[in-house]
Amino acid sequence: MALSQQAKDIISELPLDDTLNSFQRRLRENINNPRREDIASLLGALVISPTAFKLLSPDRSSNLAAKLFSIQQHVRGGLVKLGHFNSLVHHVVSNSSDIDIWEVVFDIIDNLGTLTPPPSSIAPTFQGTPVRSSSSRLSDSETRDIVERELFFEIKDCTFRDVGGFCDKFLNTKSWDERQKEMLESVMAEHDGNMWKSFPTIPTERPVWDWLRSLEDSALSGAPHMLHTTKTAHQFKERKGQMDLFFQMPAPEASGIFEYKHVLVVGEQKSSYDTGRFKADFLQLTRLVRGVFIDQPTRRFVHAFTISASMMELWVFDRSGAYSSGAFDIHDKPDTFARALVSYATMGNDDIGLDTFIEREGKHHYVTVDGVDSNKTRIRLSRPIVRQNAIVCPGTTCYETQDSNVAKFSWASDKRKLEVEQLRLAETKGVRGVARVVAHRQITTIAELRKGLEFRKRHKFRNEDVHFEDIPSVGTIDISSHKRKSASDHRSDASESKKPRSNSQQSTLVVRKQNSKQIISTGKPSLYNSDGDMWENRIYSCLVISPAGRVISDFRTVNELLAAIRDAIKAHQSLYETGNILHRDISSNNIIITKPDTADGFNGMLIDLDLAKIRDSGPSGARHQTGTMQFMAVEVLRKTDHTYRHDLESFFYVLLWMCARQSWRNGFASGGEKPPKESILRGWEIGSFKQIAHAKEGDMTVNGLEGIIAEFPRSLDIVKPLCLRIRRILFPFDKDFRMSFRTPEGNPNQLYSPIIAAFDDAMKNM
């Protein structure tokens, strides 16, 4: 590739001199068959040269060093044929001019193009819990396409159609009162035995809406829930987008504005029935259901339906996925349609999926839990602190309580040790800086909600292998063929086999497998099969912990931010070394700012041990874990087993995120400063695991990190040296100048101590 004059000038100003002399003898000895390690070392020398950092890459997307570094990683991983470097080897051996050498380097980069990320420095054992993408990382401002794309990979492995017993469970008329039976009779009177009398010949949206409203007026008068529609994309208070059909209890405001917190049942209507559009229509429905769960975070499940021409399908969404009645023609099955219409209009709070465990008295909300002394205690909930923007997830929702504690509601996998057990274990072992249990109550389980239903097999979507091709889905990895154990106690925290549950942990419900079906029925003793379930059973509980605090994203001063993260790292070290527990979910939601006088001297503490596990214990058996993509370590994104160093890397990402993104929202800008229109950190939220890992890898080079810290407001300039210092600690270069993401063997204090010291020094300088 011919070099520009500007590139030639840079090469002349920054000559290689004797940089490559040490490679000439080794390469000359094997000039026709160079060793892979020699090529990698040669590339490493070029990567760290001042010339490579100054030259732009052929596509001008970054400097030459970043492109060369990626290629060097691939060479080390055996992913690039060495023939690509023959010309470079010959020029180095021949002691060619710098211009000739760099021209060959440009040709190599241009020819190899975009490469996939190199393998992790810790070989994956696949004994850790697979990580699932979640739409929780997406804000309401994201485009519909982005939200639906992420939702697909959240829900595609846990969607079921034609579930046996669906209508008997949710449309059962045996418990109906006389008023409901009269409504059903009135609706059925509109069917002539072959079809619905006034159903429109051309079933476009408006005629179908008018037909449904006429049914409601004639047969459902006085029902507590009314059918509504939106005419524009701006009729919902919280977010844009129309909702074709929905039931809610209160009437809308006089302005015609609706709120998701009032929606009870969601409907999607189409003028024709096209099986080729099922995925697209289903994702539209799922996006609307996500909005309901966001604004009703303690909702147990949400009813929904689609009606396409005369074909209808009834759905239920809960924290383990979605399942349906199967599609049916409302003309052929008028009774099913009529029962659905009456049910949606008259269901009580329990049947419609609302939370029935939070008691409401006037403007105040209360929850009854079991205290540490096993006595019932009633706690008043105050302001909400945290909620998750997803459907298939723990649905973590936190409230501050009147007595300055935190009440946390979440759906945890029944195959993991419950957080309350982890916290009590940590307290018993003397762990410092971690929340203390005040009270706890188990509320329900997904198995209880799905009792009596028959799940045959999950629905397989068309083209479901696109976009997130690198996400490990259940059933695609042969765990039995990957039994490798780590060489170091601190290199991997997943090694032993799963332990069976004791009888005290076993439920009175059982999941039986018969002819590829999963049936929930009464019986003993196990809640799940050893050979795996079709869907994940979750336990819903309320955990009250102390002390209360503010989430780290609510920091008000730079000192408060640094002190909170530093002390949270100290808490993590205590949890890991003293409690023998690895947290595994460091994010901005799981670090709280605390008052030292009420938090054992800590300015920041760790919460949320939902994904924590005992060090060196085996896989939990949970189907997957959801993590916050922005803060996940590079090697975790690449499916390497989780270690303490990965959590420290996540702490670093939290610090960068708070400074480059959150600080602008918290009022740290001065003198007319404005945040960048497109932050570099955008690449940490959108894309596949592979893409996000690749973005972070590049961002952790010196140049990459300098680009991120350039996005800090000026008032956070004092934090920049700290970020560069932590980068050197977490991502050192090895003897061949390769940036390392691996967990070092030996005492974990070799990373904890210098990182904590770096925070201390930065705070002293303030």
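The model is predicted. Helices α3 and α5 come within 9 Å of each other, axis to axis. His572 is buried and has side-chain polar contacts to Asp647 and Tyr752.

**Helix pair α3 and α5**

- Two packed helices are described by the angle between their axes and the distance between the axes.
- Helix α3 spans residues 36-47, and helix α5 spans residues 64-76.
- Their axes come within 9 Å and cross at roughly 165°.
- Angles over 145 degrees count as roughly antiparallel, so α3 and α5 are roughly antiparallel to each other.
- The crossing of these two helices is left-handed.
- On the α3 side, the contact is made by Arg36, Ile39, Ala40, Ser41, Leu43, Gly44, Leu46 and Val47.
- On the α5 side, Ala65, Leu68, Phe69, Ile71, Gln72, Val75 and Arg76 make the contact.
- By class, the residues of this contact are 10 nonpolar, three polar and two charged.

- His572 sits in helix α17, which runs over residues 558-577.
- Its relative accessible area is 0%. Buried means under 20%, so His572 is buried.
- The side chains of His572 and Asp647 are joined by a polar contact of 2.7 Å.
- A polar contact of 2.8 Å links the side chains of His572 and Tyr752.
- Leaving aside residues up to four places away in sequence, His572 touches Leu582, His583, Ile586, Leu606, Tyr644, Asp647, Phe651 and Tyr752.

**Backbone features in loops**

- Most residues other than glycine have a negative phi, and most peptide bonds are trans.
- Pro547 is placed in the loop between β19 (538-546) and β20 (550-551).
- The loop holding Asn95 lies between α6 (86-93) and α7 (98-112).
- Relative accessibility of Asn95 is 57%. Exposed means over 50%, so Asn95 counts as exposed.
- Asn580 is found in the loop between α17 and β21 (581-582).
- With a relative accessible area of 25%, Asn580 is partly exposed.

Note on methods: Residues numbered from 1 in each chain as written. Predicted model: local features only at pLDDT ≥ 70, side-chain atom pairs only at ≥ 80, totals over all residues. Heavy atoms only, no water. Axes fitted to C-alpha atoms, helices over the stretch in contact; angles between N-to-C directions. Helix = DSSP H or I, 4+ residues; strand = E, 2+ residues; numbered from the N terminus. Parallel < 35°, antiparallel > 145°, perpendicular 65-115°, else oblique. Left-handed = near helix turned anticlockwise from the far one by under 90°. Contact = heavy atoms within 4.5 Å. Nonpolar A, V, L, I, M, F, W, Y, C, P; charged D, E, K, R; others polar. Buried < 20%, exposed > 50% of the residue type's maximum accessible area, 1.4 Å probe, protein only. Polar contact = N/O pair within 3.5 Å; in protein donor to acceptor, adjacent residues only side chain to side chain.
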